[in-house]
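Welcome to this short tour. Open your viewer, keep the selection tool ready, and follow along stop by stop.

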Amino acid sequence: MENKYMNTELLDRAIIFAVNAHHNTERRGKGFPYIVHPLEAMEIVATITSDQELLAAAVLHDTIEDTDITKEDILKNFGDRIATIVSDESDEMPEGMSEEESWHQRKQIAINRLASASRDAKIVAMGDKLSNMRAIARDYSIQGDELWNIFHVKDKAEHEWHYRGLANALQELSDTFAYKEFVTLIDEVFG
């Protein structure tokens, strides 16, 4: 069977934009290029929808949080829907607090925001969170509890609280394979 035509112009531009934004960046503690994570997040989203804007938002999801790219840059290049979803996926650092000090607060805000987010935003978040959970499960199977030392917060119980909170916030997607995999991996890692 031949591949059918699909207009992927928007997604192609988003992939190139994300590659350029994350250029020369390593995924923390992984030893591989950062862009692998957004591409995996996009692939996960593709198991839920073929919506090109959601696929683009998935590949762009860390550009505001982890690079010099702004919401205005995303808005200018990809429009309001994608810019809003990418912005909503981004943690904001409270002034005067370190990443460690603000971690629990930032994660609670993100969980609350996700719980009331649109289904579209939840789909993009699912791509990101499942990609993260896959990496944690893979690394945990090799390193055990030493894994937590690469994170700003080293308490395994805090990570469990975070991921179970995310699973609860994403329950609207419980009919998807991605959500089921997410919950399975959480249970494997945290028991």
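Start by selecting Glu40 and Ser131: their side chains make a polar contact at 2.7 Å (a pair of N or O atoms within 3.5 Å; within protein, one must be able to donate a hydrogen and the other to accept it, and residues adjacent in sequence count only if both atoms are side-chain atoms). This is a predicted model, where local features need pLDDT of at least 70 and side-chain atom pairs count only at pLDDT 80 or more, while totals for chains, interfaces and linings use all residues. Residues are numbered from 1 along each chain as its sequence is written, and side-chain values use heavy atoms, leaving out hydrogens and water.

Show the cartoon around Glu40, and you will find helix α2, residues 36-46 (helices are DSSP runs of H or I, at least four residues, numbered from the N terminus). Beyond its neighbours within four places in sequence, Glu40 is in contact with Ser131 and Arg134 (contact means heavy atoms within 4.5 Å).

Next, select Asp51, which caps the N-terminal end of α3. One of its side-chain oxygens lies 2.9 Å from the backbone nitrogen of Glu53.

Now colour α3 itself, residues 52-60: eight of its nine residues are buried (under 20% relative accessible area, with a 1.4 Å probe and protein chains only). Among them are Gln52, Leu54 and Leu60. Which helices cover them? Show α1 (9-21), α2, α4 (63-66), α5 (71-78), α6 (80-88) and α8, which are included in the cover.

Finish at Ile82. Leaving out residues up to four places away in sequence, Ile82 touches Leu10, Glu53, Ala56, Ala57, Leu60 and Ile74.

Methods: Helix = DSSP H or I, 4+ residues; strand = E, 2+ residues; numbered from the N terminus. Buried < 20%, exposed > 50% of the residue type's maximum accessible area, 1.4 Å probe, protein only.
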